[in-house]
Amino acid sequence: MKTKTHQDLCWHLPLLVAVFIQLWPIVFMVSTSLKDMDQIFQATLNPLPLPPTLNNYLTVLGNFPLFTYIYNTFFIAAFVTVFKVLTSVLAAFAFIYYDFKYKETVFNSMLLTFFIPITVLIMPNYLLMSRLDLLNTPWGVMLPQFVDGMGVFLMRQTMRGIPKPLLEAAVLDNAGPLQVLRKVVLPLIKPSIIAVGILFFINSWNEYFWPLLVLQDKETYTLPLALQMFISAEGGSEWGIAMAVATLTSLPPLALYLVCQKFILNTFMQSGVKG
Amino acid sequence: MNKAKWPAFWFLLPAALLFVIFFYWPLLQNLYLSFFSWNMISPTMKYVGLSNYIDILGSKEVYKIIGNTVIFVLIMLLFNFVLPYLYSFILGHLLQRGKMFYRSVLFLPATLSLAVASILFLWIYNPLAGPLSIVLAWFDMESPRWFKENLLVIFSICTIIGWKVFGYNLIVMLAAMVAVPREMIEAAKLENASNWTIFRRIIIPMTSSTAIYVFTITVVFGLQYVLVPVNMLTQGGPDQGSSNLVYIVYQYGFIFFQTGKSAAFAIITMFCYMAFLYLKNKYLEKKVYYEN
Amino acid sequence: MNSIVFENVCKSYGDAKIVKSLNLEIKEGERLILLGPSGCGKTTTLRMIAGLEDITSGQLKMGGRVVNDIAPGERNIAMVFQSYALFPHLSVWDNITFGLHIQKLPEAEIKKRADEALEILNLRGYENYKPKQLSGGQKQRVALCRALVKQSPYFLLDEPLSNLDAQLRQQARTELVRIHEIYKPTMIYVTHDQVEAMTVADRIVVLKDGELQQIAAPDTIYRHPANTFVAGFIGAPSMNILKARFNRDCICIGKAVLPVPELWRQVIGQRRDLLLGIRPEHCRLSEDAAVQGSITYVENTGNQRTVELQLESGENISVTVSDRNADVQNSSGICFSWDDVSLFDVTSGRNIGYIEKGEVFTDAMGS
């Protein structure tokens, strides 16, 4: 018995190291954002900002259109999430409900897009957006993100979990495809849709690279883009302010995750596995 | 199950249309652009045939870039594939208590933006006043310039990616770990098998399909994640020391404004990706144990 | 008018032929059972009627019209699935009325039908339960209920009782027959359980490897199986089948020589080698038996004993004895009555004919 507990302790050690590495930078980010300049450089390692100050946040609020950034980020993330879920659900439903020629080929070609490196796509897409006059607009950021190979894959995977007889029973009752989707499929996979939706939202909220190209005017920036302004000149001295913006950027995803973590992790553990 | 073809088409249309416009058409357009010399702004494009490709393949730069890419991949495989694999085994089968806690906390960084992670580590790695330099000073060591030295810069950037992606890959691996029936491990324990034997003889074969998936996304996505810290912190420097096959396409396109070369690089990069996926399918998928 | 006719219906997946040229007529209002071992094509046959499987070739007619290309929803079919296929997110009431709402029936009619069905199946009070709150037997009744409210002329059941335990199964069988008697739809019922088949069916269709073996009333199938497969499949323990030789008005089984009655001689005709089938429950153990053998094993199941004997010829035979007081140990063989015998052709395995009320029947049986 004693050796068993001892063994268990041994295995906790590497995990605690990992927890420290994963957690400390986040704690450090928040605490630095609450320190004034002196504290930042003199009590660098002290996790407690004593006394805490909100000056960094006030400076940001006073000098930058922070609420515009938040609104821009939210607007894009919300639209992207809704449309991504929509296109993924519709396509996935076609794959489980219908039999058609080249079904596997069509599915694989959708899944394959998931592996195309983004830089391969940015130049032509940038030219397209510029031709459509969508540069510097949230639509330019959103349009290419309205579909996602991973989304189609995850949704199909989830829908495959629905027992076939349930769909057949509805079909025998003369339910049309839209009725089957609305009355049988959607209610059954609601939890997965919400989880995937949250994930899409977080990903889009955090998106940096594509918005960087499309959004050039400062007032159209999203939060991750705004971050860049604080580090430009060779690690400038505005660390407190940079950390304040970083904290604000991280808050919504962190909060979403903390509230729904069990839900998200479970859905992921179920759907992350290849089938 | 259902025969009618047209309704299937309507359901697929929105996704298919977007995939064609924003994924497949750009691929073709890259191919087209790669035969021209253009600066993205001038109204005229000059047809140059294969010379973009010849220039690229004849330059020293491309080999440095490929070398960097390989180093990036190797380090990321350690942080985002090997470590999550081992940790998920500990978490799934060796620990009795605290699993939920570890699972939740280790996933936290995965929800943050890479832009945030980049800023955070820029400060942590700051050679003059950053926290890491203070810790190193305790041991009388001088902090290296993490983002300014060849090779070291790749390692530093990989730690950022590792920090952000570790938790996600851990969760995916953990799902596969938990799916290994407990009876199987208990049966092995009755035979007095060591944990290492269990890991090697039971866990690795039983989780191989997910492991290959994680391996793939580590390579394929890792190189794209790298874009954010590279662009924010080093712009590919020092002296292209942190550029790679994915970033170089952006560099030529949006920094050097050599659209044709950028497109040619895009095609080469795409070709490398496809070669990787093909080799993976050919050599790895065969050895995999699939449940059904 | 609500008959179902299969004309040369085939079903194959790639090279695998699941159903091979099926010809079958199901009469309006009858209870027809599709019986066979797993993989015999019985569920596929049922699903073809429902329209859930395409027909590879041949014609399927329902109520006189060809339905090969009619969508499942337009065939007006009620079906009970093996897994019940209850919608987990809907209450019992919503499950039952799901199809009626899609048909856009008036609310009053929906309520009337659902109330009636709930009453018949004794599910009053469970309207607001979710499927996972119900026991297996209740779920099965909800599934029946959902089929019942549609009042379809066709009622399909795919192993509806296989997920119930033995006791419930018997109850449910009786209930099924009772419900059928109320509306008299054309009922097609798939099972691999011969007891279910014998007790529920008006007629039984025995299938094997996608081919029809016999279609007849349960009693006929039991007494005059069309071939050795049906003989072995129906009845437990299964029918003993012994090698026999017909010679000079006698049949020889090993060393035993049994005189053959006149009518049976007409059935046998010119044949020499035969297979003789006799059910264990029709054999009697005796001390001076016609067919000699020695006891190798006795199995007691409480209500009866099954005795295994090895005959002199080396063949094994089982005999069931229901008399508790019978002394089995001293018996030296078996005897049986010619009334209980089936004879099969030695090469094709087909039944060569039988005698019913003093008349000889030698026409081809089965299909």
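Reading the contacts and the core

Modeller: In chain B, 70% of the contacts with a separation of 6 or more join residues 24 or more positions apart (contact: C-beta atoms, placed from the backbone, within 7 Å). This is a predicted model, in which local features need pLDDT of at least 70 and side-chain atom pairs count only at pLDDT 80 or more, while totals for chains, interfaces and linings use all residues. Residues are numbered from 1 along each chain as its sequence is written, and chains are lettered from A and ligands numbered from 1 in the order in which they are written.

Biologist: How many helices and strands does chain B have?

Modeller: Chain B has 13 helices and two strands (DSSP runs, numbered from the N terminus: H or I of at least four residues, E of at least two). Its C-alpha trace spans about 75 × 75 × 30 Å along the principal axes.

Biologist: Which residues of the largest nonpolar core touch the most other members?

Modeller: A nonpolar core joins buried Ala, Val, Leu, Ile, Met, Phe, Trp, Tyr and Cys residues through C-beta atoms within 7 Å; buried means 20 or more other C-beta atoms within 10 Å of a residue's own, all placed from the backbone. The largest core here has 252 residues, and those touching the most other members include Leu227(A), Val245(A) and Val226(B). Helix H7 of chain B, residues 152–179, gives the most to this core, with 18 residues.

Biologist: What is Val245(A) in contact with, leaving aside neighbours within four places in sequence?

Modeller: Val245(A) is in contact with Val60(A), Ala226(A), Leu227(A) and Phe230(A).

Biologist: What share of chain B is buried?

Modeller: Of its 292 residues, 43% count as buried.

Conventions. Buried ≥ 20, exposed ≤ 12 C-beta atoms within 10 Å, placed from the backbone. Contact = placed C-beta atoms within 7 Å.
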